[in-house]
Amino acid sequence: MGTIFRQILRHSLPYKAALHTRNTRLWSSVGATSNEPQNYTKDVLKKLVTSNKVVVFMKGNPSAPRCGFSNAVVQILRMHGVVYDAHDVLSSDELRQNIKDFTEWPTIPQVFINGEFVGGCDILLQMHHNGDLVEELKKAGIESALKDAEPSQAKEDIKK
């Protein structure tokens, strides 16, 4: 098991909230549909990042992530019970490059909350550990499945 996944599990297991299972989809495969525009201009990307409260540009899709960092983002959002749109950057070289240019951030995955770029896996993981993700989701009108959970020793562990 990778280091990132051990960190997620180590800091998440003390939470008293159960993982959510829902009848609704936790993601949308908009990025993989043939109806999506093939020209990923800034205007098109702006529409994509504002199409849902949480939007992720990742390698693969949530049911089959194609890199460990994308998988970590999927697992974090799943723990919080977040419904989000996911766009597979491997389906289009133009999408992969233009989203990086759009955010001026060189890596994938990229997470947006309320149309604002939050960051990649490392930042989402840190926000998850220190409780900032629950607050950021709340600002977007999303109630995290972990909102009532007792914080673990994550803050202490991050400081060490």
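Helices (H or I, at least four residues) and strands (E, at least two) are DSSP runs here, numbered from the N terminus. On that count the chain has seven helices and six strands, and along the sequence they come in the order α-α-β-β-β-α-β-α-β-β-α-α-α. Keep in mind that this is a predicted model, where local features need pLDDT of at least 70 and side-chain atom pairs count only at pLDDT 80 or more, while totals for chains, interfaces and linings use all residues. Residues are numbered from 1 along each chain as its sequence is written, and side-chain values use heavy atoms, with hydrogens and water left out.

Of the 160 residues, 44% count as buried, meaning under 20% relative accessible area, with exposed set at over 50% and partly exposed in between (1.4 Å probe, protein chains only). Contact means heavy atoms within 4.5 Å. Among contacts between residues at least 6 apart in sequence, 71% join residues at least 24 apart.

Now for some helix pairs. Axes are lines fitted to C-alpha atoms, for helices over the stretch in contact, and angles run from 0 to 180 degrees between N-to-C directions. Take helix 3 (residues 68-80) and helix 5 (residues 121-130): their axes come within 9 Å and cross at roughly 30 degrees. That makes the two helices roughly parallel, a label for angles under 35 degrees, with over 145 being roughly antiparallel, 65 to 115 roughly perpendicular and the rest oblique. From helix 3, Phe69, Ala72, Val73, Ile76, Leu77, Met79 and His80 meet Cys121, Leu124, Leu125 and His128 of helix 5.

Helix 2 (residues 42-49) and helix 4 (residues 93-103) come within 10 Å, axis to axis, and cross at roughly 85 degrees, so this pair is roughly perpendicular. Here Lys42, Leu45, Lys46 and Val49 of helix 2 touch Leu95, Asn98, Ile99 and Phe102 of helix 4.

Leu133, Val134 and Leu137 are buried, and they fall within an arc of 105 degrees seen down the axis, so they line one face; the arc is that of the directions from the helix axis to the C-beta atoms. Those buried residues pack against strand 1 (54-58), helix 3, strand 5 (110-113) and helix 5. On the face turned away from the buried side sit Lys138 and Lys139, both exposed. After helix 6 comes Gly141, with a positive phi near 85 degrees.
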